[in-house]
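This report describes local features of a protein model, one region at a time. The sequence and the structure come first.

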Amino acid sequence: MSENTFPVYSVDAILNFYRTEVLTGQEAKHLTKSDLTPTPKPETVQTLYMRVLHLLYRFRPECHSMVPMLENIQHPTYHEGATAIMSVYMRMRQFLPMCLVYDFSLNDLLAPKKQKTLTVLSAIMNFLHFRQQRRDMIQEKQSKFRADMDRLQAYTKKNLEAEKKIEILTTIPPEQQAEADELAAALSELQANTMHEYQEVNAKNDSIAEWKTIIAEKTQKLAQLKVDVSNLKEDISKLKSQIVESPEELKSQMEKMRETVKSIKISMEETDERVVELQSMVQSVTHTETEIQQMYNLLQDLESSMNNLKQRQEEHKELTAQSEKRKKELKNLFIEEGQLKRALAMKLDKESKQNIRRTKKREIKEQHVQDVLGECNQIHQKREEMVDKIQEISRETQQLKAKIQSLRDVCNKETEKAQALYDTLSTSVGELHQRIEMHVVDLKLDITKMSANF
């Protein structure tokens, strides 16, 4: 038990497992703990082994009792009982080494013991658990492989669609090629014109800013002069009211005032002319601004078209990046597919080797079965010889029985005679005893009389 590489389960665990996983219908209901402990029943153990073989190899239980139709077998019905047990034994001998049980014997089917039966059932239970785990793993791998294949197909479709879109985006149709060339030439001309006009506008803006500063300074000077003139007028009115000057001085002051007024008028005229010039310049600037606005609108349209082109280029770059990613994923999937194909090839090689081993084992088994059948034929011949001997012995026993019966009859007669003699002897002995008792009683009476006389 300590050498086992698998756990030996309890009786309850074994019963629950075989009821749920191996047996079906009424067999699962009728299986109880008393069938395995304290002494396992051979019928239940044999049915369990048959169901396990049916679960693993699809070998039906009724096929175990089928006798091969050979010419040497005269009475195949005699072999049906032993054939089922021998078939189960041979197939369990082939199966149990996979469960790491190597000491299975025919006695384990005909007269099973508790500990050995529990060990074998635990080994089969462990193997079935391992088989179910491997089946689940293989199913998971198959589902992953199918999902990967579906993903690969979807990625290939998407890559083809992306390549078609890239070709559509990158290739300009011949009808629009001339328009694209014209638009590119117009774009270059517009950019050059706009740069030149931007430079002119900047120069005009600088000159306008300078003139605005000059006009502001002159307006400040005019305001200051107006203030000064108003102050002078007030001073003159005050002086006129206070001081009576000479006419010469008044003339000189009036001349000075006239000269200042003339100079102011001249400066005012100059400023008016400058304002007119500035207004004309402002009108020209507004006209240029409208033209610049139109050019700006055209530039915005061009920028929108350029943005569209940039977006298309970015989409093209993204599509190229996605295509590269998809190509890498395809490479990885091809690598995984190669690995899976290698694994499948290894599995197929293993299966082919296992099939070869199975065929060899089947040949060995068939050879062994033929040897066993030959031995069975020899046993059948010996059995016929033994049947003849048994018949002779039965005849002799019948003769002996007849002799014994005659002797019994003679013995009965003699016993009847002896019984009659015994009865007569017993009656005579009884009469003698009675007579002796009577004589004893008489003697006692005589003795009492004699003692009384003495």
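## The loop between α2 and α3

Pro-38 sits in the loop between α2 and α3. The peptide bond that joins Thr-37 to Pro-38 is cis, with omega at about -5°.

## Confidence

The mean pLDDT of the protein is 80, and 90% of its residues reach 70 or more. Confidence is highest in helix α6 (residues 114-170), at a mean of 89, and lowest in helix α7 (residues 174-242), at 78. Where pLDDT is low, predicted coordinates should not be read in detail.

Helix α1 has twelve residues, and the distance from its first C-alpha to its last is 15 Å. That is close to the 16 Å expected at 1.5 Å a residue. The buried residues in α1 are Val-11, Ile-14, Leu-15, Phe-17, Tyr-18 and Val-22. Because they cover an arc of only 165° around the axis, they lie on the same side of α1. The cover over these buried residues includes α3 and α6.

Helix α3 has 16 residues, which should span 22 Å at 1.5 Å a residue. Buried residues in α3 are Thr-44, Val-45, Gln-46, Leu-48, Tyr-49, Met-50, Val-52, Leu-53 and Leu-56. Just after α3, Arg-58 takes a positive phi of about 60°.

## The loop between α4 and α5

Leu-100 is found in the loop between α4 and α5. Its phi is positive, at about 65°, although Leu-100 is not a glycine. With a relative accessible area of 42%, Leu-100 is partly exposed.

Asp-103 is in the loop between α4 (80-95) and α5 (107-110) too. At 51% relative accessibility, Asp-103 counts as exposed, because the limit for that class is over 50%. The side chain of Asp-103 meets that of Lys-116 in a salt bridge, with 3.9 Å from N to O. Lys-116 is in helix α6, 13 residues from Asp-103, and the pair links distant parts of the chain.

## Salt bridges

How many salt bridges does a search of the whole structure find? The search finds six. One of them is between Asp-148 and Arg-151, whose closest N and O atoms are 3.6 Å apart. Asp-148 and Arg-151 are three residues apart in helix α6, which means that about one helical turn separates them. An α-helix has 3.6 residues a turn, so residues three or four places apart point the same way. Arg-151 has a relative accessibility of 41% and counts as partly exposed.

Salt bridges with shared partners also join Asp-103, Asp-108 and Lys-116 into one network.

Leaving aside neighbours within four places in sequence, Asn-159 is in contact with Gln-322, Ser-323, Arg-326 and Leu-330.

Thr-415 lies in helix α8 (residues 247-453). Its relative accessible area is 45%, so Thr-415 is partly exposed. The side chain of Thr-415 reaches the backbone oxygen of Asn-412 at 2.5 Å.

Terms used. Residues are numbered from 1 along each chain as its sequence is written. Side-chain values use heavy atoms; hydrogens and water are left out. Helices (H or I, at least four residues) and strands (E, at least two) are DSSP runs, numbered from the N terminus. Buried means under 20% relative accessible area, exposed over 50%, partly exposed in between (1.4 Å probe, protein chains only). A polar contact is a pair of N or O atoms within 3.5 Å; within protein, one must be able to donate a hydrogen and the other to accept it, and residues adjacent in sequence count only if both atoms are side-chain atoms. pLDDT is the predictor's confidence in each residue, from 0 to 100. Contact means heavy atoms within 4.5 Å. A salt bridge is a side-chain nitrogen of Lys or Arg within 4 Å of a carboxyl oxygen of Asp or Glu. The expected span of a helix is 1.5 Å times one less than its number of residues. The arc is that of the directions from the helix axis to the C-beta atoms.
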